[in-house]
Amino acid sequence: MAKHQTPMLDELTKGPWPSFVDDVKAEAARRAENKDGIEFQIPADVCEDLLGVLELSYKDKETHWKHGGIVGVFGYGGGVIGRYSDVPKQYPGIAHFHTVRVAQPGGKFYTTEHLRALMDIWDLRGSGLTNMHGSTGDIVFLGTFTEQLEEIFYDITHKLNNDLGGSGSNLRTPADCMGMSRCEYACYDTMALCYALTQEYQDELHRPAFPYKFKFKFDGCPNGCVAALARSDLSFVGTWKGPIRIDQKAVAGYVGGELKPNAGAHASRDWGKFDIQKEVIDLCPTKCMSYDGKTLSIDDKECYRCMHCINTMPAALRVGEEKGVAILAGAKAPILDGAQMSSLLVPFMKVEEPFDEVKELVENIWEWWMEEGKNRERLGETLKRLGFQKILEVTGVQADARHVQHPRENPYIFWKEDEVGGWKRDIQEYRKRHAR
Amino acid sequence: MAFISSGYNPDKPMEGRISDIGPRHYTDFLPPVIKKNYGKWLYHEILEPGVLMHKAESGDEVYTVRVGTARLMSVGLIREVCDIADKHCGGYVRWTTRNNIEFMVDSKDKVAPLKADLSGRKFTGGSLKFPIGGTGASVPNIVHTQGWVHCHTPATDASGPVKVIMDELFEEFQTMELPASLRLAVACCLNMCGACHCSDIAVVGIHRKPPIIDHEVLENICEIPLAVSACPTAAIRPSKTEFEGKEKKTVAIKEDRCMFCGNCYTMCAALPLADGESDGCAIMVGGKVSNRISNPKFSKVVVAYVPNEPPRWPTLVKTIRTIVDAYKKGANKYERLGDWAERIGWERFFDVTGLEFSQHLIDDFRDPAYYTWRQSTNFKW
């Protein structure tokens, strides 16, 4: 017999998509049975109580979680999100429900050995529920009591050689696409750069010293599988210079129908025979391609590397050989001043270990933003408030037509004093030429 | 239950302490075929919905079976994932950015048994534990936030709406019939932890009533200047009030200036704004993050409000189905939802979807609003 009746949540066990309600119930049953005799360190009925409070939210249509509260581990200012129930008497198992952000490995690859070891810790000391993964990318251990936090941290560091992620006004846990590990499009080693910066900036990740959160994300190519452009304060997007590599034989393979366009992505519907003119040449946004019935030609100077042709004929076209990264700054979700997309800052940078050029750029930006940024102001908002020229100034990046969609539409230009031969003028000299 | 110590000594917290070591190095976790061919991949194919093949310069192939998950996963279920990965994949597994799981094998003959194993696993209620799909021109898993399961500011739930939307779009997850990938996201409030502001279809929890002021405790639990400066529309000012015969420092709110963002509540717990009857969701469409063909773009609000209707959110689901069907019918091959809407024009988008255009869909928030108004006679009837 379930501890709480959950008639509304039970409706969510229907349908084909994986039911989190069934999963939480199964976890509740597993903990109740406890066939391995685990001495659970928080109430064994935590899952029942979570379902109970969620059912109450379904009835009230309001959350029953209170505002955070200061909890964490000694010496860190991030990594743990404090959470308390506002109905602890009815659901004592979830009176505290703090979550722990655990640093995820690059590309979110795991050995089962590591994953099982993480689960053993969470079985013993937490709710047995996780998010795989949180929106920023961390493994999220979902719900434990305050007295377990140091114990969990100790276990993760000592037993697993792993660490907590970031929360609060910190560098948030950087996240990457799988890059070179299993993708032919990767224009730089996303996993190597992500790992190197994560290690370099552990202090910034764990101790809040910023005006607000700061996110790095690493996309290997302009397809943007981790959405770096949309959701990171500093977005690293792989790109290249020089010609797209063409295998004309494979082009013929697509035209002839032996190879499936877009790697087979449209296979469930009959879109008709592949038409290279209509599907590639005409859709090219810069119209830099042509096909004469035998040979595909690309005017690479006019290509802006959107990836469409490469995505459509991946066996025939490959990204250019001179690879690197474009760095963009300032993306964020709407709170507070509206959503922002990242803006292009560095059009192209070669990135190789030890990544000193990237680190210099990062540190110059931080130094400026920590000085000028207001409380709870994301980098993108500081940029908007103080102007793009400021970030060029602090990073030493030269202004370039690539920085804009089009030049400014107003002539209110902030000329500097040294650009106009000084601002001080003598009124007497002026009056010699102009009567009062 | 007896307390079990990990070895941590609260009297000497620095003793033996390890900190700032970061995540494990990714090379510890790469399957051998991935490690061997790192950076040397030639091309890939989607063999069938949910199954990928990547070919390396060495001639090696890696086959990937992608499955959806509910994101909220139990220890028991993750151990089951480990069992499957041990049995079929040499003990390696990975998650995608959209909370799918990818099981990888190094030869084609290992795919069918893996698929059979995954497809056969079901929850008690009959839903699939590991549905295969989410590749190519499909609806991949929905990125989402915490909702009522864990968050203190949500205006709606997240796990529940995701479950019912994916039930509705299950065929679109398991097949590749759409003009292009259709990415959905659910954020339970405007903070958008899931960053769904650039999704093809985004569901965003919204509040519609100004905060309730808890005068009794406000001065004790809030920094009043922070609460005041938290408001992006300057609707909050410091004030005083009498509560049970005592003068209290508090705030006053100009209610018609409130845009219900909840930022003040984040800064001050004495300003809650959740309301069961008036909270709900907005639906946004047409965003994308890829640079493919057209530039990345933000999602646009096309439905200003759908009420919260737990447990299965029927109006929300029906509205999303309507949008998906219109897109499926009208868009060209390779055309993302936002590109389709721009090609036919937004006025036509409302025609073909049958969604009602109301004044709430006209932007009135600061400068960006102006850039969304039409300064042209180039409109369609």
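**Close-up views of a predicted model**

**View 1. Helix α3 of chain A.** Helix α3 (residues 46–60) of chain A has 15 residues and reaches 21 Å from its first C-alpha to its last, close to the 21 Å expected at 1.5 Å a residue. Helices are DSSP runs of H or I with at least four residues, strands runs of E with at least two, numbered from the N terminus. The expected span is 1.5 Å times one less than the number of residues. Of the 15 residues of α3(A), 13 are buried, so the helix is largely enclosed by the rest of the structure. Buried means under 20% relative accessible area (1.4 Å probe, protein chains only). A:K61 follows α3(A), with a positive phi near 60°. This is a predicted model: local features need pLDDT of at least 70, and side-chain atom pairs count only at pLDDT 80 or more. Residues are numbered from 1 along each chain as its sequence is written.

View 2. The whole structure holds 35 aromatic pairs over all chains. Rings of Phe, Tyr and Trp (its six-membered ring) pair if their centres lie within 6.5 Å; planes under 30 degrees apart count as stacked, over 60 as edge-to-face and the rest as tilted. A:Y201 and A:F216 are tilted, because their planes stand at 50°, with centres 6.4 Å apart. Both are buried. A:F214 and A:W366 pair edge-to-face, at 5.6 Å and 85°.

**View 3. A charge over a ring.** B:R208 lies over the face of B:Y305, 3.3 Å from the ring centre. The criterion is NZ of Lys or CZ of Arg within 6 Å of the ring centre and within 35 degrees of the ring normal.

Notes. Chains are lettered from A and ligands numbered from 1 in the order in which they are written. Side-chain values use heavy atoms; hydrogens and water are left out. Buried means under 20% relative accessible area, exposed over 50%, partly exposed in between (1.4 Å probe, protein chains only).
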